[in-house]
Amino acid sequence: MSVLLLSHPDCLRHVPPRPHPERPERLRAAEEALRRAELQGLEYLEPPPAEPEVLELVHTRAHLDRVRRSARGPGTWLDPDTYVVEGSWPAALAAAGSCLAAVDAVAVGRCAAAFALVRPPGHHAGPERAMGFCLLNHVALGTRWLIERWGLRRVLVLDWDVHHGNGTQEVFYRDGRVLFVSVHQEGWYPGTGSLDERGEGDGEGLVVNVPLPAGVGDEGYRTVFEEVVLPLGDAWTPEFVLVSAGFDAHHLDPLGRMQLTEWGFARLAALLREATTRWCAGRLALVLEGGYDLAALRASVVSVIRVLCGEEPGSPPERRPGELPYAAVRERVRLVRRALVPYWAV
Ligand SMILES: [Zn+2]
């Protein structure tokens, strides 16, 4: 079965009014690199934009009206980082549409896995606000769609962007059907994502934050996956895994201070590919979030999709000189696991 790459040219219409890290060149770079790589088993799809009504699964009408209205004028900023220009509304609808089509394609078994190569990113957007380059929360929308349209009752949303997925966390904070796990840099934008944010009500224990000190590299991330993320999945047995796949934890990224390599991302994808086969017949969809160094983004997207297409990550690179000592990672993993004790036997 093929791997599906979903994207839409309207995603390029969200163009910053002044130099900005979140720019159309990101998608162009990733897409060109994928075409050049000529991966066996990768199929391209250009799904229609989302119908605006479906966005109300996640967002308030007031928020949607504000974004749509702002996109009609000469352009404006919804927060100090988040611009809206004339093409932003069609771009956001196209990104949401690709994300919905990605989860649908996986849910019906049309593909082995799906990757929505979209922008603007989404995981900082909450029900009522745009934030941190994000207008609509595509991963939250895809998750709600799986619950409402497909009747799923256990979805795992994994966010490996270097920034905490605060918007997604907000959407599912009291939801007993979604396990949200965010692995991010501690004390970094937007400042949320501490160990003691754990969900409430039906969602208590289903928000798991893994804030990591700066400098964690490939080995550290592997440890976090093997000792936190995968055991949680084994315990939760999700029916679907949706990934907020940012690539700004790459060592070249200007907006992160982590030390991951493209090989490290590929290995995370390999671990997930194997685990989702065990949990839910491989139902896995990834959605692009951050990643602002074009070379790092190109290499990481290709490496991850190569693994989804069935290749192995190959030999690891040398340990990077800037990496945090492994003992510090182990200590953090111990703290994270201790915070899980009241809720999880992992
Ligand atoms: Zn990010």
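Are Asp-161 and His-163 buried or exposed?

1. Both Asp-161 and His-163 are buried (under 20% relative accessible area, with exposed over 50% and partly exposed in between, using a 1.4 Å probe and protein chains only). Keep in mind that this is a predicted model, where local features need pLDDT of at least 70, side-chain atom pairs count only at pLDDT 80 or more, and totals for chains, interfaces and linings use all residues. Residues are numbered from 1 along each chain as its sequence is written, and side-chain values use heavy atoms, leaving out hydrogens and water.

2. On to the metal. Asp-161 (OD), Asp-161 (OD), His-163 (ND1) and Asp-248 (OD) are the protein donors of the zinc ion, at 2.0 to 2.7 Å (donors are N, O and S atoms within 2.8 Å of the metal, or 3.2 Å for Na, K and Ca; water is not among the atoms, so sites may look incomplete). Along the chain, the zinc donors are spaced D-x1-H-x84-D.

3. Now the sheet. Eight strands form an open sheet with parallel pairing, in the order β2-β1-β5-β10-β9-β6-β7-β8 (strands are DSSP runs of E, at least two residues, numbered from the N terminus; two strands pair if DSSP finds at least two bridges between them). β2 (42–45) and β8 (207–212) sit at the edges with a single partner strand each, so one side of each lacks a neighbour in the sheet.

4. A closer look at one pair: β9 (residues 240–245) and β10 (residues 284–288) run parallel over five bridges. Ala-245 is opposite Leu-288 in β10.

Notes:
Helices (H or I, at least four residues) and strands (E, at least two) are DSSP runs, numbered from the N terminus.
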